[in-house]
Amino acid sequence: MSIDARRPSGPSPAGRPRPADDSPRPYTPLWRRLREDEWPPLGEVLRGRREQVPQWVVLVLFLPCLWWLTVPLLVGYQLARTARRLARRIFPVRPQGLVEDPQVLRVQRVRAWLALAMSGLLLAAFGGWDDLAEAPGQFLLRLLYAPWLALLTAALVVTLLFLAARPGTRRAMRTRLWPAARSALWYFGAWTLVPLLFMAAAEGMGLLPSGVNVLLWASGMFVCWAPFWWVIFFLVFASGPALRHAFNLSALHAALPALVTSVLVWVFAFLGLSTGGLPPGPLPLAVCAILGGPVSVTAVAWWEIHRLRLRHGVRLRG
């Protein structure tokens with residue numbers, strides 16, 4: 001009779017006899033667990049196990065002189081953990097109806113890195129200090145307008161696809177429209193709460209009496225700012241899947257995320273052209289740079305729709 005080398009013999013760490021089918025759990029690093037939908041609880045992270053945080057790090061964090069760093073880290077982790085859990089529940093990484101094609105994902109990643117490299121090369125070769133100073137402002141402007149433009153673009157594409165669909169398909173699409181609309185309401189409701197919670201937190205901090213001890217002041221600051229930062233964490237974790245999958249519209253139609261992406265990239269191109277003008281460099285190269293992104297994204301999106309039609313029988317009207 002042979003002994004399974006993968007299962008340790010003898011009693012369990014708690015002192016009880018180890019069951020026959022009690023095999024050890026595979027080792028999973030903490031950084032990999034943080035990529036999952038559900039983050040580990042704070043107590044498990046601070047337990048000091050080898051695959052989590054080392055014990056000396058925990059001891060350093062709980063030194064009395066570092067309370068100003070330890071408390072925000074612990075509170076921030078709990079807020080981020082609960083916000084991520086809700087964000088992944090509303091905007092899953094693989095929503096219903098999503099058809100993942102490894103070749104399409106590989107081409108999308110290569111195209112994104114090439115576009116980033118070309119933008120950096122153009123800015124380094126032909127850009128000046130003014131262009132470098134304007135780059136963060138342009139990025140923040142696009143980040144601010146991206147969710148609202150994505151919502152309008154998704155609504156326009158859904159309306160056109162709904163009008164082009166057959167009557168029987170329209171009834172099926174109508175029943176699946178509400179989950180996508182509900183997720184969009186969650187997302188834009190959170191965006192609307194950001195300035196309201198910020199003003200409320202600022203007003204609450206102004207109402208705190210002066211001269212209170214540090215513990216009461218920290219408690220009041222937590223009560224004022226915790227909702228604001230929870231919403232910020234929710235938007236951080238929800239924005240990627242929400243914009244990548246067009247607010248879970250794949251449940252309505254498998255080709256909708258690619259269609260929304262191909263339209264949205266042209267909207268962003270015209271927005272960047274109207275606000276920042278052409279990129280630096282000679283005119284032919286600048287025109288190629290401003291059109292290269294939308295053209296390449298549209299080509300990849302329609303190639304994805306073509307593969308959906310050939311491999312999975314997806315029809316735009318069916």
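Okay, let's start with the rings: Phe91, Trp148, Tyr187, Phe188, Trp191 and Phe247 are linked by ring pairs into a cluster. Keep in mind that what you're looking at is a predicted model. Across the structure there are 13 aromatic pairs. I'll pick out two.

Take Tyr187 and Phe188. Their ring centres are 5.4 Å apart and their planes sit at 85°, and anything over 60 degrees counts as edge-to-face, so that's what this pair is. Tyr187 and Phe188 are both buried. Next, Phe188 also pairs with Phe247, with 5.5 Å from centre to centre and 45° between the planes, and this pair is tilted. Where do Phe188 and Phe247 lie? Phe188 is in helix H7, while Phe247 is in the loop between H8 and H9, so this pair ties together parts that are 59 residues apart in sequence. Phe188 and Phe247 are both buried too.

Now let's zoom out to the nonpolar core. In soluble globular proteins, nonpolar side chains tend to be buried together. Here, the largest nonpolar core has 27 residues. Those with the most contacts inside it are Phe91, Tyr187, Phe234, Leu235, Ala238 and Phe247. H8 gives the largest share, 7 residues. There's another core apart from this one, with 19 residues, including Ala180, Ala246, Leu249 and Leu308.

Skip its neighbours within four places in sequence, and Phe234 is in contact with Ala83, Leu86, Ala87, Ile90, Phe91, Trp186 and Ala190.

The largest cavity holds about 30 Å³ of space. Around it you'll find Ala150, Ala242, Leu243, Ala246, Phe247, Val260 and Leu264 as the lining. H8 and H9 are the elements that each give two or more residues to that lining. By class, the lining has 7 nonpolar residues, no polar ones and no charged ones.

Is Ser183 buried or exposed? Its relative accessible area is 3%, and the cut-off for buried is under 20%, so Ser183 is buried. You'll find Ser183 in helix H7. Leaving out neighbours within four places in sequence, Ser183 is in contact with Ile90, Phe91, Phe247 and Asn248.

That brings us to Asn248, in the loop between H8 and H9. Most residues other than glycine have a negative phi. Asn248 isn't a glycine, yet its phi is positive, at about 60°. Asn248 is buried as well, with a relative accessible area of 11%.

And then there's Ser239, in helix H8. Ser239 has a relative accessible area of 18%, so with that under-20% cut-off it still counts as buried. Compare sequence and space here: Ser239 and Ala146 are 93 residues apart in sequence, and 9.8 Å apart in space from C-alpha to C-alpha.

Key
Residues numbered from 1 in each chain as written. Predicted model: local features only at pLDDT ≥ 70, side-chain atom pairs only at ≥ 80, totals over all residues. Heavy atoms only, no water. Core = buried A, V, L, I, M, F, W, Y, C linked by side-chain atoms within 4.5 Å. Buried < 20%, exposed > 50% of the residue type's maximum accessible area, 1.4 Å probe, protein only. Helix = DSSP H or I, 4+ residues; strand = E, 2+ residues; numbered from the N terminus. Contact = heavy atoms within 4.5 Å. 1 Å grid on protein atoms, 1.4 Å probe; cavity = no way out; pocket = protein on both sides within 12 Å on 5 of 7 lines; lining within 4 Å. Points joined across faces, edges and corners; volume = space filled by probe spheres on them. Nonpolar A, V, L, I, M, F, W, Y, C, P; charged D, E, K, R; others polar. Phe/Tyr/Trp six-rings, centres within 6.5 Å; stacked < 30°, edge-to-face > 60°.
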